[in-house]
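Visitor: Could you show me around this protein? I have not seen it before.

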Amino acid sequence: MKLLGESVQDAADDVVNHLQEDGGIGGVIALDKKGNIAFAINCSGMYRGLIKDDGIPLTAIFKEDILD
């Protein structure tokens, strides 16, 4: 992120894209120093979750699930 000036989401996406190029499947949960969170996956599902400022926990499993 620091080297390329990327956002945490762009950096997570790049990692997962490189993983896929090498034949791997999986995902990344990333957090930057400002507390911005990013989820990037290249498989059908990965358990993930977060708690936003309002204190409400959000969870997702499938790639299509959006955590808003």
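Here are a few questions and answers about it.

Guide: Welcome! This is a predicted model, where local features need pLDDT of at least 70, side-chain atom pairs count only at pLDDT 80 or more, and totals for chains, interfaces and linings use all residues. Residues are numbered from 1 along each chain as its sequence is written, and side-chain values use heavy atoms, with hydrogens and water left out.

Visitor: Which residues are buried in helix α1?

Guide: Helix α1 covers residues 8-21; helices here are DSSP runs of H or I with at least four residues, and strands are runs of E with at least two, numbered from the N terminus. Buried means under 20% relative accessible area, exposed over 50%, and partly exposed in between, with a 1.4 Å probe and protein chains only. In α1 the buried ones are Val8, Ala11, Ala12 and Val16.

Visitor: Within what arc do the buried residues of α1 fall, seen down its axis?

Guide: The arc is taken from the directions from the helix axis to the C-beta atoms. The buried residues of α1 line one face of the helix, because they fall within an arc of 130 degrees.

Visitor: Is Asp13 buried, exposed or partly exposed?

Guide: Asp13 lies in helix α1. Its relative accessible area is 29%, so Asp13 is partly exposed.

Visitor: What is the bridge partner of Gly49 in β4?

Guide: Strands β3 (residues 45-51) and β4 (residues 57-62) pair in the antiparallel sense over 5 bridges. Two strands pair if DSSP finds at least two bridges between them. In β4, the partner of Gly49 is Thr59.

Note on methods: Expected span 1.5 Å × (residues − 1).
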